Structure formats: structure tokens, C-alpha cells
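Visitor: I would like to learn how to read a structure like this one, taking one feature at a time. Could you guide me through it?
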Amino acid sequence: MIPTLAGRLQTRLLLFIFVGIPVTLAFVFILAGWKWDYDIAMPFLLFLATITGLGLLLDPVYIFLQTTRWDRDWPFAYQFFFSWVEFGVVFALARTGLIPWLPVAVEGQQPPLVDFSSNAAIGLATLHFTLVFIPTFLALLGPLQTIFVRWRFKGGQLGKL
Amino acid sequence: MIRFPVRFRVRQIGIDGNTMGNSRILLCEEPGEFLIGKSEDSDVPLTGDAVSRRHMSLVLTTEDVRVRDEGSTNGTYVNGTRVGEQVLELGDQVSIPGWLLELLAPAESEASQTRIAGVEVDASLVSRLVITDDTSPPPARRNFPEMEFADKDMVGIEALRASGHPVEEVKFCAVGGGLGSFVWVDHLRCYGIPASDIRAIGTEEVCYRTYQRYCKNSQIPDHERLRSNSLSRPDNIWGFPGYAMREVGKGIGVKGIFQVFGEPTLSESYTPRAGDVFESLDIEAKRIGWSDMLIKAQVLGLRKTSDGRYAVAYKLWGGEAHGEARNRYIVADVVHLSTGYPATRFVDDFQSFITSYPDSRAQVANAYEPHDQMYAEAERRNGPVQVVVRGRGIVASRIIQRLHEARAKNPQIRILHSMRSPIGPRDGAVFRKARRLVRNNVEIQPFNWPKSCWGGDLRVEYENAGEEERGVMLNQLGGTTTAERSDWIAIAERGSEEGWYRPVYGNISNLKPLPSPGPDQPDGVQVSISTTEGNEEVLNADYLIDCTGLIADIRRSPFLADLLDTYKLPRNHAYRPTDSGPQKGGPTGLRCTNDFEIEGLRNSNGRVYAAGTITTGGPYLAVDSFLGLQYSAIRSVDHLVTENIHKVPNLGPLRSFRGWTKWMTGRQP
């Protein structure tokens with residue numbers, strides 16, 4: 001699939017809703033000891049939503065980069081690389097506390113249940129993103145076409161041609 | 001039993017495909033063989049650049065009348081299909097470039113033998129061309145399908161039935177029988193149409209036979225790789241899993257997966273092996289019941305019917321039936337045309353060389369025609385061999401690689417690579433901000449169009465563009481390119497260093513035969529090149545292999561020419577860039593809508609769609625590719641769904657996924 005701007009936005013949201021959210025819910029369910037815990041689930045969901053949001057903002061940039069390539073394509077390797085860049089940027093900002101809705105420990109206050117500035121968060125957030133990233137990236141390699149047969153001709157957009 | 005004299009009507013065909021001048025009658029009084037060609041000692045000498053000296057023979061016995069191609073360059077066609085030797089039936093049209101011969105019915109009486117259209121012709125010239133002085137169109141027509149079709153743009157079903165020819169009614173009929181037909185039928189089947197509602201008509205048993213022939217001739221045997229993507233699978237409408245993954249499953253290796261991951265920037269683009277593509281098509285053909293739907297026949301004509309359908313006239317090809325029993329009609333609601341390259345035309349200087357010097361025919365070849373003997377001879381020869389390879393496309397790359405392989409057997413083979421002009425690293429084609437890569441004076445592109453023409457932003461932009469803008473984009477994005485393959489680059493670089501490969505720049509100004517320098521020494525070919533510096537460089541070569549490609553001209557297909565004339569169908573046009581903006585050039589493909597419908601053939605509920613090279617210049621750039629055929633198929637079948645007239649069910653996410661699981665498990669759709 002060679003993405004168009006609309007295709008990028010739609011596919012990103014589709015994968016966030018149908019892969020990202022369910023995988024995150026399963027992840028926090030196990031993390032919380034096989035039970036539902038809103039206070040653990042929310043930071044991870046917001047974290048993933050922030051990455052998705054940053055991705056939506058970057059998509060026009062990617063499309064611009066595509067127009068400088070003769071084939072106006074986007075190699076799978078770039079997709080792979082920039083997915084981790086998006087994660088890295090959001091996570092780095094979260095650790096410094098610059099993203100208000102992602103909790104970090106503040107001196108003199110009770111530390112939050114999920115503290116993005118803690119060392120434990122490095123492993124957990126990476127694990128979480130890896131679990132989301134693997135199925136979404138694999139889906140882009142072709143399996144989505146088995147459900148949306150026109151998707152590859154529409155540059156990643158859904159619906160008819 | 002054949003009654004003599006046997007009569008042929010001979011007509012000359014102009015470059016536009018229309019007949020010119022008076023028609024003539026060829027009378028053959030007795031059994032025998034009559035040579036037709038440009039040579040003066042032919043029994044029937046015919047003029048024309050594209051006619052070979054010994055082009056074909058008419059072989060007449062008391063049992064049958066045959067036509068036999070005598071190894072002509074441009075081939076002998078019977079009703080539009082290239083033949084080697086073929087028994088003729090009354091009304092069959094034999095064509096060679098510029099000429100059309102029609103086998104007429106025997107005259108009713110001795111007296112009328114030499115009367116055509118009531119005009120007496122000179123009967124002393126038997127077995128020779130007899131020129132009638134009659135300017136009105138000759139009355140002798142091919143009986144089928146002209147009795148029902150001629151001069152009509154609409155026929156009634158009753159008239160077809162009354163003709164006595166078998167009439168079959170189906171919903172969907174694919175005309176062509178090649179890859180384009182197969183992909184369209186595959187979509188119909190996967191959308192849920194039963195095989196019993198579909199017929200495909202073509203002369204080949206196997207849908208990829210013609211494609212495979214072109215591959216073999218251009219030195220891509222089944223184990224070599226094509227220029228195609230992993231996910232472009234003509235046997236799988238979903239394109240997943242791709243050929244790279246299939247190779248892993250078959251134990252060929254995992255390299256392809258990493259290529260797909262990094263292509264085209266971090267690794268060379270993955271491409272599938274020809275044999276794997278054909279094998280997968282065999283499997284899909286069996287799954288969808290292709291052989292039950294296929295009618296092995298030639299399509300002779302198509303007309304609208306008065307009840308909003310189409311009558312397709314066809315003649316069974318091979319098989320048991322004889323004579324009139326071979327002529328049949330199919331009446332279909334929806335017709336799909338994908339007839340491929342109608343006939344091949346070579347570039348002019350090459351064409352005139354082979355017609356002027358037929359004795360040197362073995363010294364030159366177009367890369368798409370059989371020329372394996374050149375490599376065999378070059379490998380056998382115990383001495384120097386010089387080969388001129390002309391052109392810089394993907395075919396030239398492969399031919400040079402083949403010659404490099406031949407060097408293992410005869411290290412004295414030298415390659416002279418003739419290209420029009422050098423292309424520097426910054427001279428690649430430009431489209432807005434992007435510039436095409438150049439390596440070793442050849443423009444590099446993974447596939448024959450920029451990738452986003454298939455499904456990215458260029459597809460959308462091109463589809464939405466007006467006719468002139470499309471023409472401009474086609475010019476900017478098209479052009480001759482080759483794939484970036486390290487082995488090909490290495491051949492050019494090592495060959496240049498070691499002196500057995502040399503690029504030569506300039507226009508070929510003259511080709512002429514080179515007489516043999518001595519006994520046991522073979523003939524050669526002299527290639528004169530006006531170099532870019534203004535010099536004349538003369539290359540004395542043993543062989544010339546022309547890799548500049550084929551020219552498609554849809555009017556060369558009698559079937560399409562008849563459709564164009566009968567329904568006055570509009571065509572797409574090429575546009576040439578000039579200083580004062582784009583200028584309209586010659587006609588290209590059949591005009592069709594963005595859904596690949598040919599609007600001029602719409603007939604109340606009836607619909608005709610097209611695909612493949614006959615739609616060149618239309619709503620999609622890469623029509624002549626595996627993925628392009630799938631694109632046009634999905635567009636046209638979706639159009640049927642949207643219109644909801646012919647009860648084609650939609651392929652939504654759930655049905656699509658279910659269909660795919662059936663494909664994966666090899667169950668019928």
C-alpha cells in the first residue's frame with residue numbers, strides 16, 4: 001500500500017481503535033493482576049492516544065517526504081522506523097512531565113500509580129508499545145487487505161473506489 | 001471436397017486499418033502451393049515494408065485449403081490470430097501486414113467464376129491477382145457472422161436463432177481469454193457469481209500462455225524473476241500473502257521477506273519467479289473452475305442486441321467441430337474485453353532492414369521474438385562474437401545478462417550497448433520535487449511506473465485529471481526504465497573495465513548486412529550510428545538484438561477495428577510536450593470511464609468493460625501490469641455492484657474475509 005494523506009489518517013485511527021485499544025486493555029488487565037483497574041488503564045490508554053495524536057500531526061510531514069521520492073512511496077522500513085520515533089518522542093516528553101495528562105511523580109506529592117518518569121516505566125512502556133506495534137505493523141504488510149479488498153488501491157483509505 | 005477454382009478476395013489495408021483501392025480476386029485453378037510474398041518469384045507478389053520476401057503459402061488440395069506461414073517476420077493471421085499452419089473455412093480472413101485475403105465461396109457456375117459483383121474480370125490470369133474494375137464493395141462476404149452482423153449496430157435474438165448457429169445465453173462473458181480475462185473472472189467468482197453464469201472466450205487453453213511466450217522470448221524462463229511486486233498476485237484478489245511469503249512456505253528462502261521490508265530504498269525490490277506466478281495461476285484456475293468457463297475459440301464480432309444485451313460471435317478453435325458447426329453465438333448481459341497486444345509492430349528502421357535483407361534475418365532479432373539460436377550460436381562459436389544490444393529498458397538489461405551468461409562458454413563475446421544519448425546522474429526524469437535515479441546511463445525505477453501510480457496519490461491525481469493533464473502526466477511519469485539490480489550494475493561496470501561491454505551513444509542511422517568475411521565465417525550486420533558528437537560510428541557486429549519494445553495498435557485487431565467502426569467508439573490520445581503546451585498526438589487505447597466501462601457500447605442494462613493494454617491512455621496509468629488488471633477488475637465489478645442491475649453481491653469486509661479464508665484453504669469460492 002502506498003499511503004495518501006487521507007489513507008494515513010484513516011488507517012492510523014482504524015488501527016488505534018481496533019488494535020491499539022484492545023491490546024492496551026488486555027495489557028493493563030494482566031498488569032493489574034487479572035483485574036480491571038481504571039487508574040492503571042487510563043495512563044496507558046492516554047499514552048497510546050498521545051502517540052496516535054502525534055502521528056496524525058506528523059502524517060502531513062510524511063506525505064511531504066513522500067512527494068520528494070520519485071516513486072512517492074513509503075518503504076515498510078520507514079514505517080517501522082518512524083513508528084518508534086513517534087514512541088520515543090512521546091515517551092521522552094512524558095518523562096520530563098511536559099505532557100500534562102501523562103502522570104509523573106512530583107516532589108512532595110503522593111506518587112501516581114503509573115509514573116512515567118520512573119525507571120520501571122521505561123520497561124513497561126516499551127513492552128506496551130511493542131505489544132501494540134507488532135500486530136499493527138504486521139497488519140499493514142497485507143492482512144488488512146483480506147478484510148478491506150480496496151484498501152491498497154485507495155492509499156489506505158476505507159470504502160469503495 | 002474443394003471445388004476449383006478456389007477464389008480469394010484480396011484487399012489492401014491502409015495504415016489506418018481501412019481498406020484502400022479496389023479489391024482484387026485471386027483465382028487458383030488447380031491444387032498446388034502458391035507462395036505469397038514480396039520476392040518477385042512469388043506466385044502472388046505483394047508490396048509493403050512489412051511483407052516478408054517469402055511470407056506465406058496457400059496450400060490447396062482437393063481435401064482442404066490451408067494457409068502456411070513461411071517464417072515471416074510479422075506473421076500471418078487468420079481472423080486476427082497468428083498462425084503457423086491453418087485450415088481455412090469459407091469466409092476466413094487471412095491477414096498479413098497491409099493485406100487482407102478472404103476465402104470466397106465457389107462460384108455458382110462456370111460462367112460466374114470470374115464475375116464479381118456482376119463484373120467480368122480477366123480470367124486469363126489464373127493463379128495470379130486479377131484486378132476488378134469494380135468500385136462498389138464486393139458482395140462476397142464472410143457468411144459468419146456477417147449474415148447477422150454486417151451493417152447493423154443492433155441485432156435481434158430471433159435473427160440469431162434463425163441463423164441456425166447455436167446460441168448460448170449467459171450473464172457474463174469475458175473476451176480474450178488471457179490474464180486480463182482471468183483476473184476479471186476471478187473477481188466475479190470471488191464476489192459470489194457461480195461459474196455457470198460466466199464464459200471466457202480465447203484461443204489459449206491456459207490464461208498466461210501468451211504472457212509466458214513473451215517472457216520466454218525475452219529470456220525470462222520460468223526460473224527467472226519478473227518485474228513485479230510481491231503483493232501483485234493475479235491469482236489472489238486480496239494480494240495476501242504475497243509471493244515473498246509463498247517462497248518461505250515453499251522453502252526457497254526468507255531473503256524475499258527482508259527485501260519486501262526494505263524495498264526499494266534499503267534493499268533491491270523483491271520480484272517473483274515467473275514459474276511461481278504461473279504455478280499459482282494454475283492452482284487458482286482449478287479453484288474457480290476456469291476450464292468449465294473457457295470456450296476455446298476466436299471472437300469474430302460483437303453487437304448490441306435489441307433486448308439490451310450483447311451478441312458475441314465466435315468460431316471454435318481446434319477441437320472436434322468442423323465447418324459451419326464451429327460458428328456460434330453467445331448472448332451476454334455483461335461483456336469484458338481484454339484482448340491484449342493485437343499484433344506486434346517493430347520500430348521502422350528495424351522493420352525495413354528485415355524486409356530489405358531477408359537473407360540476413362538470422363542476424364537481427366527483436367527481443368520479444370524467438371531468438372534463442374543467437375545465444376546458442378554465439379556460445380558455440382570458437383572465436384570473437386560482437387553483439388549490438390539496442391535500447392535501455394528492462395528487457396535490454398536482461399538480454400545483456402543473458403549474453404554475460406553466454407560468456408561463460410565463449411569468453412570472446414563482446415557487447416555493444418546502443419543507446420540514443422548518455423544520461424548523466426542528474427538527467428533523470430523530473431516530476432515536481434522528485435527526480436528519477438540514473439545508474440550507468442539508464443533510468444532506474446523498480447516497476448514500469450512510479451509505485452504510487454498503482455494506489456497512491458498519483459493514482460488519485462491522474463484519475464481526476466482532464467484528458468490533456470493525463471497526457472502530460474503520462475509523458476512525465478512514463479519512459480524507459482530498468483530495475484536496480486546489483487548483478488546488472490556489476491555486469492556493466494566489470495564489462496567496461498575488462499573491455500567486453502561498451503555503451504555507444506547516438507541514433508542508429510543505417511543498418512545493412514555484412515557479407516561473410518570468408519568461408520565458414522557467418523554473415524553479420526553493420527550498424528551505423530550518428531553519435532551525439534556528430535561523428536559516424538560504424539559497428540561491424542554478428543548480431544543485433546533490438547530491445548526497444550513493441551508498438552501496440554488496437555486497430556490491428558479485426559475484432560476491435562470492427563467495434564470501433566460500427567459504434568464510432570472514441571479513443572484516448574497521446575500528448576506530446578511542446579514549447580506552447582501539450583500537443584495532441586495519435587490515438588492510443590479505447591476510451592473508457594473511470595470504472596473501465598466503454599460508454600459507447602452501453603445498451604440499456606447491458607454493460608461492456610475493458611482492461612489491459614487496450615485501455616492505454618485511459619483512467620489508470622499501469623493498466624498493463626498484474627496489479628493494474630486487478631485494479632480495473634475491481635473497478636468494473638464494483639461498478640456492477642453499485643448499479644445493482646445484474647445482481648452482483650457486494651464484497652464487504654465480512655464476505656471478503658470469508659472469501660479469503662476459502663482461498664487460503666483451497667476451497668471453491
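Predicted model: local features only at pLDDT ≥ 70, side-chain atom pairs only at ≥ 80, totals over all residues.

Visitor: How many residues of chain A and of chain B are in contact, and what area do the two chains bury between them?

Guide: The size of an interface is often given as the accessible area lost when the parts come together. In this model, 31 residues of chain A are in contact with 52 residues of chain B, and the two chains bury about 3400 Å² between them, with 62% of that area on carbon and sulfur atoms.

Visitor: How many salt bridges and polar contacts are counted between chain A and chain B?

Guide: The count of salt bridges between chain A and chain B is four, and one salt bridge to look for is formed by the side chains of Arg150(A) and Asp638(B), with 2.4 Å from N to O. The rule also finds 19 residue pairs in polar contact across this interface, both residues being at pLDDT 80 or more. On the side of chain A that touches chain B, the elements giving two or more residues are helix 2 (38–67), helix 3 (76–95) and helix 5 (143–147) of chain A. The residues of that side divide into 16 nonpolar, seven polar and eight charged.

Visitor: Which order do the strands of the open sheet in chain B have, and which are its edge strands?

Guide: Strands of a sheet pair through backbone hydrogen bonds, either parallel or antiparallel. The open sheet of chain B has seven strands in the order 21-31-22-23-28-29-30, with mixed pairing, and its edge strands are strand 21 (364–366) and strand 30 (536–541), each of which pairs on one side only. Neighbouring strands of this sheet are turned against each other by 35 degrees on average, direction ignored.

Within it, strand 22 (residues 385–390) and strand 23 (residues 413–419) of chain B run parallel and are joined by six bridges; Val387(B), for instance, has Ile415(B) in strand 23 as its bridge partner. Helix 11 (residues 394–406) of chain B lies across strand 22, strand 23, strand 28 (501–514) and strand 31 (543–546), running at about 170 degrees to strand 23.

Visitor: Where is Pro241(B) placed, and is the peptide bond from Phe240(B) to Pro241(B) cis or trans?

Guide: That peptide bond, from Phe240(B) to Pro241(B), is cis, with omega near -5 degrees, and Pro241(B) is in the loop between helix 4 (209–217) and helix 5 (243–249) of chain B. A cis peptide bond also joins Glu263(B) and Pro264(B), where omega is about -10 degrees.

Terms used: Residues numbered from 1 in each chain as written. Chains lettered and ligands numbered in written order. Heavy atoms only, no water. Contact = heavy atoms within 4.5 Å. Buried area = accessible area lost by both parts, 1.4 Å probe. Polar contact = N/O pair within 3.5 Å; in protein donor to acceptor, adjacent residues only side chain to side chain. Helix = DSSP H or I, 4+ residues; strand = E, 2+ residues; numbered from the N terminus. Nonpolar A, V, L, I, M, F, W, Y, C, P; charged D, E, K, R; others polar. Pairing = 2+ DSSP bridges. Axes fitted to C-alpha atoms, helices over the stretch in contact; angles between N-to-C directions.
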